[in-house]
Amino acid sequence: MGSGSSVFISKLRDDTAARPKRWLYLLYDQLNLELNPWKDEPTESTGIVLIESLSKGKSRPYHKQKLGLILANMRSFALEAQRKGHPVRYIGTTSDYSQALLKLNIPLIHCLKPAELTTRKELQSLLDSGRLRQHPHTGWLTPRDWFVEELGLNPPYRMDKFYKRFRKETGILMDGKAPTGGKYSFDSENRMSWKGQPIAPEDPRFEVTDLDREVEELVNSTFSDNPGKIDLSKAPTNDTQALEALDFAMLQLPNFGPYEDAMSIHSKGLFHSRLASLVNIHRIMPAHLLKSVLRTPAPINSTEGFVRQLIWREYVKHVHDITNGFESISVNRTSTDIRDAMWYRGDYTDSSSDVTQHPNHLTQENNLPISYWTSDSGLNCLDTVVNSVIEDGWTHHIPRLMVLGNIASLLDVNPRQLTDWFHAAFIDAYDWVVEPNVLGMGTFALGESMMTKPYVSGAAYINRMSDYCKGCQYDPKKNCPITNLYWDFISRHSESFIGNHRMSIPMRNSLRRDEDKKNIDRQTFEAWTRRLCKST
Ligand code: SF4
């Protein structure tokens with residue numbers, strides 16, 4: 001470990017001479033000792049290897065808060081593992097994980113199947129050579145077989161069947177053979193806007209430890225050009241704080257369901273759990289979270305909505321895994337040279353940049369607006385949400401889908417560029433989750449492989465579900481450009497929607513629109529793409 005680590009090193013026991021029965025390499029997103037395949041054996045028999053890789057940190061323009069969250073959790077996890085009796089080898093490297101593992105000179109290291117495709121690819125040569133032996137990753141709620149048996153290996157992949165299989169197989173939220181409350185989904189009851197009541201909680205805060213402060217300094221010096229700010233008082237960084245975050249989330253659960261889709265300038269998180277960043281690095285195991293949700297007294301629409309989100313997470317992971325990052329899906333593709341998420345300060349070496357053809361069903365080729373980093377589009381909904389992302393590296397799923405994804409889709413932004421932006425900017429983004437969410441749902445880049453239709457809307461939806469329009473220079477009922485952009489999107493891509501019955505009503509309405517309005521729609525699209533998507 002180099003500079004920026006003296007506090008951590010002073011707390012870390014030197015286990016270089018330790019000779020446990022085996023060494024287990026845990027990745028940055030496998031920070032839970034429950035994942036140890038030998039957890040029933042004495043702890044001293046399994047040494048833990050953890051690696052901080054500068055080259056991984058520099059592969060994308062990651063938000064400073066994301067880098068901080070991962071580094072601080074890795075370091076505290078190392079100390080927790082030592083306290084529990086595991087020998088720990090904690091490596092800092094400027095190179096990648098494979099080279100760091102090779103340098104350890106341990107003849108055989110064990111590992112768990114990586115969730116990220118990029119990491120699976122990177123470790124493959126060590127697995128092939130026998131230096132690394134892979135074990136199943138037990139930090140998921142559903143086996144791949146359930147997915148394949150319900151949905152098969154080829155698209156379309158519809159979440160509903162997989163979700164029902166989970167419910168039936170586990171008996172969770174089931175009364176015998178029937179779903180609790182008489183239906184599998186309470187989505188229709190979870191679409192309330194929020195008018196200030198019930199009172200939304202303050203954002204959760206956590207004690208900043210000396211380890212956290214050191215990580216903040218390290219990130220600010222090593223990644224000074226990266227976007228965003230680091231403030232670890234906003235992020236749980238150790239096992240105690242992870243439990244505090246879980247308690248916070250469970251307190252919000254009763255109100256989570258009804259206001260799940262609401263957005264407000266007065267509360268970024270409303271009643272959302274904000275736990276994805278912890279669950280995705282397994283600081284909180286999905287099984288533990290599921291048990292907590294089922295134990296918490298909350299109306300069925302809240303409990304069911306939360307459980308469905310947990311299973312959505314499993315579903316996207318299976319889709320990504322089974323298609324090898326959509327490689328096996330037959331869909332229009334385009335090549336995309338720009339992989340820096342439109343963040344121009346720095347040189348980024350994305351390890352998947354050997355892949356040049358990316359899903360792009362609608363052949364959308366405009367550049368991501370710089371406003372996705374600078375929040376100066378003049379569209380209050382977009383600027384409000386972007387501000388929140390720059391500040392926290394987070395916003396909940398509806399602003400992601402119905403503002404960030406929606407507006408990018410309406411502007412024909414290249415879906416790969418948008419995905420790269422989400423990947424860099426969000427504290428909970430990893431390839432297995434961000435790629436299906438953005439390419440499959442937030443945009444229509446995968447066609448009907450996951451969703452039956454694109455998630456696009458005009459101003460009416462944003463006005464109904466948020467208070468963003470009140471502070472906007474545009475009027476959602478009179479002159480909001482998003483509505484014209486919506487109609488032009490439908491008209492522009494109409495050939496791609498032929499035969500899609502879920503698009504028949506918007507298509508019919510689009511055809512009925514008079515020529516003057518259609519001209520204005522087209523001019524609005526041209527003006528706004530010129531204004532926001534200009535090339536660099
Ligand atoms: Fe967004 Fe239009 Fe509402 Fe302004 S009026 S906040 S641009 S939807």
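Are W312 and Y315 buried or exposed? Both W312 and Y315 are buried (under 20% relative accessible area; exposed is over 50%, partly exposed in between, with a 1.4 Å probe and protein chains only). The model is predicted, with local features requiring pLDDT of at least 70 and side-chain atom pairs pLDDT 80 or more, while totals for chains, interfaces and linings use all residues. Residues are numbered from 1 along each chain as its sequence is written, and side-chain values use heavy atoms, without hydrogens or water.

Across the whole structure, 22 aromatic pairs were found (ring centres of Phe, Tyr or Trp, the last by its six-membered ring, within 6.5 Å; planes under 30 degrees apart are stacked, over 60 edge-to-face, the rest tilted). One of these is edge-to-face: W140 and W432 lie 5.0 Å centre to centre, with 90° between the planes. This pair links distant parts of the chain, 292 residues apart. W140 sits in the loop between strand 5 (132-135) and helix 6 (144-151), and W432 in helix 17 (residues 431-442) (DSSP runs numbered from the N terminus; helices are H or I of at least four residues, strands E of at least two). W140 is buried, at 14% relative accessible area. W432 is buried too, at 1%.

The W312 and Y315 pair is tilted, because its planes meet at 50°, with ring centres 5.0 Å apart. These residues are three apart in helix 12 (residues 300-322), so about one helical turn separates them.

W343, Y372, W373, W421, F422 and F426 form one aromatic cluster.

Charges also sit over rings (NZ of Lys or CZ of Arg within 6 Å of the ring centre and within 35 degrees of the ring normal). R89 lies over the face of W23, 5.9 Å from the ring centre. R531 lies over the face of W528, at 4.2 Å.
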